[in-house]
Amino acid sequence: MKNFSLTKAALCAAAAALLSGCNGIGTKDSLVARFNDESIYKEDLMMLKVNTAKNTNWNAQVYEKLYSKAAVASAAQKEFPEIEKEWDAYYKDINVRILTNVYQRFFVDECMMYSDSELRRFYDVNKHLFPSDSTGEYFKVRSQVAGEYYLSKNAEKFAEYHSSNGGDSLVSKNRFIDARRGALREEAASNVLERGHYIVPALPPIDVKAYYEAHKDKYKTVPGYVLYHVQMADSAALASLFGESTTLEQFKAVAAKSSKNALTAKDGGYVGFVKQDYPLPAGVGIVKGLGDYLSGKSVGYVTPVLRSTGKAVFQRFFLAENVPAQVKPFDRAEASVKADVADGAMPEVSSDFAVILKDGKPIFTERELVEYNRKYFGNRVLNAKSHERLAHMIAETFAYAGFAEEFKLDHSWEYRALVRSARWDFIYNRYLEKKMGVDLAPEDSLRSLFEKMKPLVREGVVFENVKNEMAKVFAFPKNVYKHDYLFGYRMIYKGQTFDEAVPKIYSQGNSNVTYYLGRRYSAEAYAKASKHFYGDDVPQNVPDESLESKLAKADSLYKNGKPLDAYYVYRDIMYSYPENDSLFQFTTFQMAQTQADAETYEDAEAEYYAFYRMWPDNENAEKAMFSRGFILNENLRWDNVALDVFREFMQKYPNSELRESADWLVKNIESKGQLAEDLLKKISEEK
């Protein structure tokens, strides 16, 4: 970034102390916990309280948002020390956003632009004004403190306001304070760039002719075909008219004799030039799928029988000529080019073009904006309007960050806590990615995956735009891919190949996998860390996330008649240890068993199906296949599917102890249940 630093020297020094695990940020007296070299301060607990909803398990929140994240950061320093350098670069980018957050949310909105120290002094003297604060924690009522402080400094104005408006004094007080807060928000948000001496220069004007020359491929004629056709009402008769190869003369002769379209029959079925995906002339209209049949075909190709949309007539076409798209000359394209320019076409600008100026000096270039767009907005395609919006957004964060520094908010407890939280979150996410192997994905594999997924990627996106996302898709656990594909065979992925289903499996399962894997790695890092807690009021109760305890919990729930609760614990284990194939097999089978016992039969049969298809040689595969067939027949009444399952079962397991039962069930299904009725009748008679 030219002539502009996102952080000042003092802030960088503070950040360095933070990253080294020293007490440069947060005093020694405020230290509440340490995990190896990672320190947690009272202000981190306070920020968590500010962001935690009421009626939330506080100890669980402290573990999940602070202790586990700090433990992971400690583990990452040893396993993947390069993450720290990545954080340094990321910190430079997000620092202005953190300062903006502190300025807008805390300083303006909550503190009403009073310093934290003067609000704290007012609170200490006037605690009687805040009886709802039974805990004696200033930060829980700081917003109320700011309102009361404003009221105390503007008593005469409030008296005039209340006398003019009348009514309940408490209502008047709240309205008076809310009005001031609203005015402060508007004041803070108005003329931000002007107050910060920032300018977003207009992009250079576009020369219409030059733009046309640089983007000729956008201004082409519609490709099409020269076609002949035969039209008939009898599709079967039309289908029999031509052999495997037909010349144009032969086709024209048949059209002249047999076509029922009088307008074209007189010219040997000549339809003429037809634009791709446009309605056809001569009353033929729209023929759905015609373009798909003609695409890539050579002259002389004859289509199968196709029906005109909305009409009881059928067509066969002869491809006489392929007419490719041609670049329109400028005089024909000029109106379209002008319309595109008016709609926000992006001009060509150099990489060092000054996108943002401060005090008349360039501080942010086109190169930096493009990089920012790539890193934080998925490399979306920018036109002039979206480019301007992005530049303004970045400039505004610079301005707000400058206001924050003027008020020394870069030394506030809120800023320190937010920086630590951002660092822990960043390291946590990168640690999880590295543990999953995202960074190890070979580029040729990623390119291959991108080609498979190309139809699902938005138009205009190239491989480099989505390379990181492709790496995550590639690293997604293979067992989960296979399991979820087979489990969803009936409804979700019906008719799709495995490769076609991969994007949907990933999008639906990624949040589960990352959540449970994250909990597992956090628990492992926490267990290994050297832990020190300072103060009797520091929460130390942490959940037992060990595999042994989860297995014991699932088994206990199952044995105590809570199969559905047991299912969710097994599902947790499945997603937490997807690379452990033997454990994955065990949990899949247990999930099927618990679902069957819970009478969630549709999920149970799908789970059994996934199990024996993934592990046909497992000792429980035989039982799984039979159980699925039984559920399909007995509980779901999908007899046709059940028949296929039982027949496959008897072929695969001819010596099974369950073969006789499977054979009887097949015969009963084939008799449409008569065999079972006869058996019940016989039993009844014997009784």
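Modeller: D663 has a relative accessible area of 26%, so it counts as partly exposed. Here buried means under 20% relative accessible area, exposed means over 50%, and partly exposed lies in between, with a 1.4 Å probe and protein chains only. The model is predicted, so local features need pLDDT of at least 70 and side-chain atom pairs count only at pLDDT 80 or more, while totals for chains, interfaces and linings use all residues. Residues are numbered from 1 along each chain as its sequence is written, and side-chain values use heavy atoms, with hydrogens and water left out.

The partner of D663 is K667, in a salt bridge whose closest N and O atoms are 3.3 Å apart. A salt bridge is a side-chain nitrogen of Lys or Arg within 4 Å of a carboxyl oxygen of Asp or Glu. K667 is also partly exposed, at 45% relative accessible area. Both residues belong to helix α29 (residues 659-670), where they are four residues apart, about one turn of the helix. Helices are DSSP runs of H or I with at least four residues, strands are DSSP runs of E with at least two, and both are numbered from the N terminus.

K338 is partly exposed at 43% relative accessibility, and E334 is partly exposed at 27%.

Next comes K550, which forms a salt bridge with D572, with 3.1 Å between the closest N and O atoms. This pair links distant parts of the chain: K550 is in helix α23 (residues 547-559) and D572 is in helix α24 (residues 563-576), 22 residues apart. K550 has 7% relative accessibility, so it counts as buried. D572 is buried as well, with a relative accessible area of 9%.

Elsewhere, salt bridges that share partners join several residues into one network: E82, E86, R430, E433, K434, D439 and K472.
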